[in-house]
Amino acid sequence: MSQSVLAGMENSAVTVLKRAIELDNESRLPDALVCYQEGIHLLMEVLKATKEEAKKVHYRKKIADYMDRAEKIKEQLNDLKEKGKYHEQIKIPDDATGFCYEKLFKPYLDSFVTEVWVEDPYIRHVHQVYNFLKFCEMLVKGPCSVKTIHLLTSLDNAGNVQQTSGLEEIKQSLQRYNITLEVKYSPSIHDREIRFNNGWIIKIGRGLDYFKKTQSRFSIGYCDFDLRHCHETTVDIFHVKHTKNT
């Protein structure tokens, strides 16, 4: 490995681990744990490629320290989950970027997730159906092995056939990945909630529709939601031992 590549990998590790510490200080423990694990992996790759013994000693010490902190976060999270006391709140400021679905939901997805419940009254207009499609694409990519997605939303009484036809197309597309989409409509639904059968519950004030419209279809952020500006909203994350099945 060349020195420039090695230096680049070390800089990446430092950046990720700095972010882990920031998230740790903000008590965003699941996000912090993901960053610690990613940073540790990068540092271990740097250690393998390093030949100077003094630097090896330095990296081993740093890796041990970060692994120790990551392990303590795991224990803390497990303890909170066991007691049913876990609660995290994320504030998304107006016009902020960097809050795509992957960033928001991936820390709570694992290989045990096979079933997902989405309750959102506003999966009605075309852009909202696209939001739901984007969410489904995230689930398809893993690391979970989702088999069933339940969607409860409200029916557009304005006769918007694009809502029902769009959701039907998503349903058919998901079948190619052996995922079943069940769609139900409720005239009285108001709350917004997403549940995974590993116990995580995410409540977003604006539901999945917290992204602002781009200036055009050819504007930065139109395709990549991580670059899309957001409306101000609050995300509350809980964990329970048992999720309801209906």
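Helices α1 and α2 pack with their axes 8 Å apart and at an angle of about 155 degrees. Axes here are lines fitted to C-alpha atoms, for helices over the stretch in contact, with angles running from 0 to 180 degrees between N-to-C directions. Helices (H or I, at least four residues) and strands (E, at least two) are DSSP runs numbered from the N terminus. The two helices α1 and α2 are therefore roughly antiparallel to each other; angles over 145 degrees count as roughly antiparallel, under 35 as roughly parallel, 65 to 115 as roughly perpendicular and the rest as oblique. The crossing of α1 and α2 is left-handed, a term used if the near helix is turned anticlockwise from the far one by less than a right angle, with right-handed used if clockwise. In the contact of α1 with α2 there are 17 nonpolar, 2 polar and 6 charged residues. In this classification Ala, Val, Leu, Ile, Met, Phe, Trp, Tyr, Cys and Pro count as nonpolar, Asp, Glu, Lys and Arg as charged, and the others, Gly among them, as polar.

Helix α2 (residues 29-49) also packs on helix α3 (residues 53-83): their axes come within 9 Å and cross at roughly 155 degrees. That angle makes α2 roughly antiparallel to α3. The crossing of α2 with α3 is left-handed, and the residues of this contact comprise 17 nonpolar, 2 polar and 5 charged.

## Basis of the model

The structure is a predicted model, in which local features need pLDDT of at least 70 and side-chain atom pairs count only at pLDDT 80 or more, whereas totals for chains, interfaces and linings use all residues. Residues are numbered from 1 along each chain as its sequence is written, and side-chain values use heavy atoms, with hydrogens and water left out.

## Salt bridges

The model holds 17 salt bridges, each defined as a side-chain nitrogen of Lys or Arg within 4 Å of a carboxyl oxygen of Asp or Glu. One of them joins the side chains of arginine 69 and aspartate 24, with an N to O distance of 2.7 Å. This pair links distant parts of the chain, as arginine 69 belongs to helix α3 and aspartate 24 to helix α1 (residues 3-25), 45 residues apart. Arginine 69 is partly exposed, at a relative accessible area of 25%, whereas aspartate 24 is buried, at 13%. Buried means under 20% relative accessible area, exposed over 50%, and partly exposed in between (1.4 Å probe, protein chains only).

Arginine 28 forms a salt bridge with glutamate 26, the closest N and O atoms lying 3.8 Å apart. Here arginine 28 is buried, with a relative accessible area of 15%, and glutamate 26 is partly exposed, with 45%. Both residues belong to a network of salt bridges that links Glu26, Arg28, Asp31 and Glu88. Elsewhere, the side chains of lysine 203 and glutamate 193 meet in a salt bridge of 3.5 Å, N to O. This pair connects strand β6 (residues 200-204), which holds lysine 203, to strand β5 (residues 193-196), which holds glutamate 193, across a separation of 10 residues. Lysine 203 is partly exposed at 35% relative accessible area, while glutamate 193 is buried at 13%.

## Backbone features in loops

A cis peptide bond, with omega about 15 degrees, joins glycine 142 and proline 143. Proline 143 lies in the loop between α5 (126-140) and β3 (148-153).

Aspartate 95 has a phi of about 75 degrees and is found in the loop between β1 (87-92) and α4 (101-105); aspartate 95 is partly exposed, with a relative accessible area of 41%. Asparagine 178 has a phi near 60 degrees and is located in the loop between α6 (161-175) and β4 (180-185). Asparagine 178 counts as exposed, at 59% relative accessibility.

## Cysteines

How many disulfides does the structure hold? The structure holds 0 disulfides, where a disulfide is a pair of cysteine sulfur atoms within 2.5 Å. The sulfur of cysteine 100 lies 9.2 Å from the closest cysteine sulfur, that of cysteine 230, which is too far for a bond. Cysteine 136 is likewise in no disulfide, the nearest cysteine sulfur, in cysteine 144, being 11 Å away. Cysteine 100 is buried at 7% relative accessible area, and cysteine 136 is buried at 2%.
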